Amino acid sequence: MPIYDYNCKSCGHAFEALVRASNSPACPHCGSADLQKCVSSIAPAGKIEAIRMAHRRVAAAQGHFDHYSPSDKAKLLQGKKNI
Ligand SMILES: [Zn+2]
């Protein structure tokens, strides 16, 4: 998924956004869509992993791991301790 850096032309706020083709981002600070795209890059693998683990922690907290086998579940919960 492409991740882009934007500068808001209205308030100068700089932010990153994950953007789908059909999706135009807006400034999270002032809501303006008048943005300058600065740098485009692929989201770093470490960042994707961090996002994935964060989602897993949420799922685990909410008991959504029923579709995992007990051994996989143990591995996932082990990964939680390492962070
Ligand atoms: Zn703004």
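In this predicted model, residues 24 or more positions apart account for 36% of the contacts in the protein with a separation of 6 or more. The protein has 83 residues, of which 5% count as buried. Its secondary structure consists of 2 helices and 3 strands, arranged along the sequence in the pattern β-β-β-α-α.

**The β1–β2 hairpin**

Strand β1 covers residues 2–8 and runs antiparallel to β2, with 5 bridges joining the two. Within this pairing, N7 stands opposite A14, a residue of β2. The hairpin formed by β1 and β2 has 5 residues between the strands, and G12 takes a positive phi near 85° there.

| Strand | Residues |
|---|---|
| β1 | residues 2–8 |
| β2 | residues 14–18 |
| β3 | residues 35–42 |

**C30 and its surroundings**

C30 is found in the loop between β2 and β3. Is C30 buried or exposed? C30 counts as exposed because it has 12 C-beta neighbours inside 10 Å, and a residue with 12 or fewer falls in that class.

Which residues does C30 touch, not counting residues up to four places away in sequence? They are C8, S10, C11 and H13. For H13, the C-alpha to C-alpha distance to C30 is 8.4 Å, and the two residues are 17 residues apart in sequence. C8, which C30 touches, lies in β1, the strand of residues 2–8.

Conventions
Residues numbered from 1 in each chain as written. Predicted model: local features only at pLDDT ≥ 70, side-chain atom pairs only at ≥ 80, totals over all residues. Helix = DSSP H or I, 4+ residues; strand = E, 2+ residues; numbered from the N terminus. Buried ≥ 20, exposed ≤ 12 C-beta atoms within 10 Å, placed from the backbone. Contact = placed C-beta atoms within 7 Å. Pairing = 2+ DSSP bridges.
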